[in-house]
6 protein chains.
Amino acid sequence: MKISARNQLKGRIVEVRKGTTTAHVRVEIGSGQIVTAAITNEAVDDLGLKEGNMATVVIKASDVMVAVD
Amino acid sequence: MKISARNQLKGRIVEVRKGTTTAHVRVEIGSGQIVTAAITNEAVDDLGLKEGNMATVVIKASDVMVAVD
Amino acid sequence: MKISARNQLKGRIVEVRKGTTTAHVRVEIGSGQIVTAAITNEAVDDLGLKEGNMATVVIKASDVMVAVD
Amino acid sequence: MKISARNQLKGRIVEVRKGTTTAHVRVEIGSGQIVTAAITNEAVDDLGLKEGNMATVVIKASDVMVAVD
Amino acid sequence: MKISARNQLKGRIVEVRKGTTTAHVRVEIGSGQIVTAAITNEAVDDLGLKEGNMATVVIKASDVMVAVD
Amino acid sequence: MKISARNQLKGRIVEVRKGTTTAHVRVEIGSGQIVTAAITNEAVDDLGLKEGNMATVVIKASDVMVAVD
C-alpha cells in the first residue's frame, strides 16, 4: 500500500503504553528524536506493535505546523 | 510559549512554496529526513519563513499514525 | 504496509481536481457514497491518482465525528 | 445545522465503547462497511449515542488520505 | 443536526477569501476574537457563506492544543 | 516560540480532567465561551496545567469547520 500522506519517517518503537481506549506509541526516528503517536488500543493489537520493533510514523502534511523562536 | 503538542522537531527550512491560499513548507529535521507542512500563506508571511532558516515542526500526537511493513 | 488508521474504505476515484498546491480527490466507496479527500498535488502525482482507478480512502478514528438528527 | 465538512455518511451505530475519557463509536455505513470514530465520552452522553440508533459520521476533507496498492 | 464536536462557537463572518481549491473564512466569535477556518471552496458555495452572515465555528476537541507562556 | 497555527485564543483553565492516557482541559476564552481540548496526560503534567491558570488554546485553521443554521 502506498499512501498520500507526505510524511513517513522510519524508526524503532521505544514504548507502547495502552490506556483504556487510547494508546501512546513512541518511535525513535533517528538522531535520538522521538515521535509520539496517540492511536487506538485496537490498532496496537492489530499491527502487533511492540517495543524494539521497526515502524514508520505517518503524518498528513495538513497536520504539521511550523514554529520559529 | 510552551505548547501541549508532543512532537516538536527542530530543523532547517529547505523549501517554501506558496499556493493561492495554502503553502507547503519543507523542513529537514536531520539525518536527511524531510517533513512537509501544509499551512496558510498568511502564516508563512507572519513568521517570515524562508529557505535556509531554522524552524521547528510541531505535530499533535493524535495526528500521528503508525505503520508496519 | 499496514497502517494504524482504523478506517480504510475501498472504492473508485470519480474525480481528481488539482488546485495550486491542494487537490481534491473524490472516491466512490460503494452504495453511491462519495468521500472527498483534500491532499497535496504532489501526492496525486506521486501515487498516479486518476479518475476510474481503484483507491482506498484512509481516515484516522480521531478525525471522525458523529452527528444525529 | 449545515456544516462545511464534505463527508457525511449516514448509517447505524453498531458499537459504543467508552474509555475513561475517550469513547469509540462504530457506525455501519452500508455495504457492511464500518467507520470507527474516537470521540469524547461527554459527546456520547450529550448525543445519547446507542447501539442500534441511526447516526451520521462526519469527516473534514482535509482529514482524508488516499492509498493505492 | 447535533454533532459530537465539543467546540461550537457562534459568531459573524468577517471575511471569505477563496483560493483555487481551499478557502479561508474568518469568523468573529465575540470579544473581538477572530477564528480562521480553512475549508473547501465547495463548502463556501454549498453553505452560501458571506461576509456579515452569522455562522458557527466547529472544532473537534482532539484538534485543540493548549499553550502557556 | 511563534507558531503557524492561525488560532490562538487566550483564556483561563476552568477544568482539567485526566483519563488513563488522554486528558480533557477546558478553557474559558471570554464571553463565557468554553473551549475543550483533548490532549495527553503527559502534556498536562509537562505544562503544569491547573484550574485557574491562564492558558492559550491553539487550533490549526485546517481543523476548523463552519456551520450555519
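This is a predicted model: local features need pLDDT of at least 70, side-chain atom pairs count only at pLDDT 80 or more; totals for chains, interfaces and linings use all residues.
**Figure 1**
Chain A contains six strands and one helix. Read from the N terminus, its elements follow the order β-β-β-β-α-β-β. Along the principal axes, the C-alpha atoms of this chain fill a box of roughly 35 × 25 × 25 Å. Chain A has 69 residues, and 61% of them are buried. Of the contacts in chain A that join residues at least 6 apart in sequence, 44% link residues at least 24 apart.

**Figure 1**
In general, a rotation about an axis and a shift along it relate two copies of a chain.

**Figure 2. The interface of chain B and chain A.**
Chain B gives 32 residues to this contact, and chain A gives 32 residues. Between them the two chains bury about 2800 Å², with 60% of that area on carbon and sulfur atoms. How many salt bridges and how many polar contacts cross this interface? There are zero salt bridges between chain B and chain A, while eight residue pairs are in polar contact, both residues being at pLDDT 80 or more. On the side of chain B that touches chain A, two or more residues come from each of strand S2 (7-18), strand S4 (34-40), strand S5 (54-59) and strand S6 (65-68) of chain B. That side of chain B consists of 21 nonpolar, seven polar and four charged residues.

**Figure 3. The interface of chain C and chain E.**
Here 15 residues of chain C meet 13 residues of chain E. The area buried between chain C and chain E is about 1100 Å², of which 54% lies on carbon and sulfur atoms. One salt bridge is found across this interface. C:Arg26 and E:Glu42 form a salt bridge in which the closest N and O atoms are 3.7 Å apart. Six residue pairs between chain C and chain E are in polar contact, with both residues at pLDDT 80 or more. On the side of chain C that touches chain E, strand S2 (7-18), strand S3 (22-28) and strand S6 (65-68) of chain C each provide at least two residues. S6(C) has the largest share of that side, with four residues. By class, this side of chain C holds five nonpolar, five polar and five charged residues.

**Figure 4. The rotation axis that relates chain C and chain E.**
Chain C is laid on chain E by a turn of 120 degrees and a shift of 0.0 Å along the axis, with an RMSD of 0.0 Å. The two copies are thus related as by a three-fold rotation axis. Which residue of chain C comes closest to the rotation axis? That residue is C:Thr20, with its C-alpha at 3.6 Å from the axis.

A:Thr22 belongs to strand S3 (residues 22-28) of chain A. Is A:Thr22 buried or exposed? The relative accessible area of A:Thr22 is 10%, so this residue counts as buried, the cut-off being under 20%. Leaving aside residues up to four places away in sequence, A:Thr22 touches A:Arg17, A:Ala38, A:Ile39 and A:Asn41 in chain A, together with D:Thr22, F:Thr21 and F:Thr22.

Technical notes. Residues are numbered from 1 along each chain as its sequence is written. Chains are lettered from A and ligands numbered from 1 in the order in which they are written. Side-chain values use heavy atoms; hydrogens and water are left out. Buried means under 20% relative accessible area, exposed over 50%, partly exposed in between (1.4 Å probe, protein chains only). Contact means heavy atoms within 4.5 Å. Buried area is the accessible area (1.4 Å probe) that two parts lose on being put together, summed over both. A salt bridge is a side-chain nitrogen of Lys or Arg within 4 Å of a carboxyl oxygen of Asp or Glu. A polar contact is a pair of N or O atoms within 3.5 Å; within protein, one must be able to donate a hydrogen and the other to accept it, and residues adjacent in sequence count only if both atoms are side-chain atoms. Ala, Val, Leu, Ile, Met, Phe, Trp, Tyr, Cys and Pro count as nonpolar, Asp, Glu, Lys and Arg as charged, and the others, Gly among them, as polar. Copies are superposed by least squares on the C-alpha atoms of residues with pLDDT of at least 70 in both.
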